[in-house]
Amino acid sequence: MPVLAVRAFARNAFAGNRFAKPILGLLACCVLLGAPIARAEPVGVTVRNESVAATCAETDNVTLSFVSDKVSRFRIVARHPAYAGMLRVDRTEPDFDTCDFSGDPTVPATAPAPAGTPPVATTAPKRITIYETPDLWLTGFVFPSFWRAATVPFRVGTEVTQGLHMVQLWVRGENQQPEEVLVVYPPDGYWRARPLSPAHLSSTAYGSSFLLGPVEQAERPLVRLKEIGFAPQTRTFTLSFADGGKARLKLAGVDRDSLTLEAEFDGTAPRTFAALRSMYVTEGNADVARVSWRTLAKTGTPATIGEAPVLSFTDADNVAMLWAGRLVPSRHNTSAPDFFFDGFASR
């Protein structure tokens, strides 16, 4: 199954049910998202826009890459769009019109087999409970195929699970119902995040993805991982990269407004240390339609603010905060969150 179709299928088939399925004004709001991760030297980063035009709504044609040779930590916030309170109808079904995935690579998955016997092809998605408490649990999935082999082990304590294409993090929401708030795809390092659902909606959609680590191009942007670990007590993922180095991604907070992740590298981050991946066809058919950013104030140079449609945005330097999202409802993943990247700091 092509990877974009897998992600769209997984977004709807396994989200929202624990057992079966699974602008400038906004800049002021970001000040309220929390205090800096720690006392550290603020850093301005370069944001490169590598997006291209597309007509397929299930193609990740939006790529915003974050570049710096000084960053050791930063923050990612997924926040409900400004119009969330007005939503009465949500649209989350994938739209494959004008899409052609026939040329996408596929790697079939196989199920474990007894020694001396050939592996058996996986013909249906398989769900695995990796870790569970009354208030937090991890669920893994194996799909019949993916665009990369599922060779990244997932570790919780001494327990290691192999062969996973997707891992979901669930928490108990403010209404005591289980909600899926974070997803990672171990084979290519993609993440998705969303806050708890607003009181008037039973669930919300995933939309944009992000990458954390040394981003490289291999048919599409990815981060090659050696292993993913998770510490339930601190809600922290440890990412071991294939070419060395580590990063930690902590779920620092989640409520009905936003989800906050704190990222920290062991040592200095790789030069391209993160990326936002999303889709845009038109203003009304997009997971990200606009961006705004604030530069880092320096001695004698005040901070500046910029705003642009996502496909018109040109590279920006000395960025202290970037918002990527929507100001008007989209027919594609209408309730999916906006993303803020900020708190860039060196040690």
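Biologist: Which residue stands opposite Phe230 in strand 20?

Modeller: The residue opposite Phe230 is Phe237. Please note that this is a predicted model. The pairing behind this contact is antiparallel, with six bridges joining strand 19 (residues 225–231) to strand 20.

Biologist: How many residues lie between the strands in the hairpin of strand 19 and strand 20, and which residue takes a positive phi?

Modeller: Four residues separate the two strands, and Arg235 is the one with a positive phi, near 55°.

Biologist: Which strand is joined to strand 20 by five bridges?

Modeller: That strand is strand 21 (residues 246–254), and it runs antiparallel to strand 20. Within strand 21, Lys250 is the bridge partner of Thr236. The hairpin of strand 20 and strand 21 also has four residues between the strands, and there Gly244 takes a positive phi near 105°.

Biologist: Is strand 20 mostly covered or mostly open?

Modeller: A general point comes first: in a regular strand, side chains alternate between the two faces of the sheet. As for the case in hand, strand 20 (residues 236–241) is mostly covered, with five of its six residues buried.

Biologist: How many residues of strand 26 are buried?

Modeller: In strand 26 (residues 290–295), five of the six residues are buried, and the strand is therefore largely enclosed by the rest of the structure. Strand 26 pairs with strand 27 (residues 305–309) in the antiparallel sense over five bridges, and Ser292 stands opposite Glu307 in that pairing. Strand 26 also pairs in the antiparallel sense with strand 28 (residues 316–325), over six bridges. There, Arg294 has Met321 as its bridge partner.

Biologist: Is the disulfide of Cys56 and Cys99 right-handed or left-handed, and why?

Modeller: The torsion about the S-S bond is about 95°, so the disulfide is right-handed. Cys56 itself counts as buried because its relative accessibility is 6%, under the 20% cut-off.

Biologist: Where is Gly213, and which residues does it touch?

Modeller: Gly213 is placed in the loop between strand 16 (209–212) and strand 17 (216–218). With 0% relative accessibility, Gly213 counts as buried. Leaving aside residues up to four places away in sequence, Gly213 touches Val223, Phe241, Phe265, Pro270, Thr272, Phe273 and Ala274. Gly213 and Phe265 are 52 residues apart in sequence, yet their C-alpha atoms are 8.4 Å apart in space.

Biologist: What does the protein chain contain as a whole, and what share of its residues is buried?

Modeller: The protein chain has two helices and 29 strands. Buried residues make up 52% of its 347 residues. Its accessible surface comes to about 14,500 Å², of which carbon and sulfur atoms account for 52%.

Biologist: Where does pLDDT stay under 50?

Modeller: This is the case for residues 16–35, for which the model has 52 contacts beyond four places in sequence. The protein chain averages a pLDDT of 88, and 86% of the residues score at least 70.

How values were computed
Residues numbered from 1 in each chain as written. Predicted model: local features only at pLDDT ≥ 70, side-chain atom pairs only at ≥ 80, totals over all residues. Heavy atoms only, no water. Buried < 20%, exposed > 50% of the residue type's maximum accessible area, 1.4 Å probe, protein only. Areas by Shrake-Rupley, 256 points an atom, 1.4 Å probe, with all protein chains shown as cover. Disulfide = S-S within 2.5 Å. Pairing = 2+ DSSP bridges. pLDDT = per-residue confidence, 0-100. Contact = heavy atoms within 4.5 Å.
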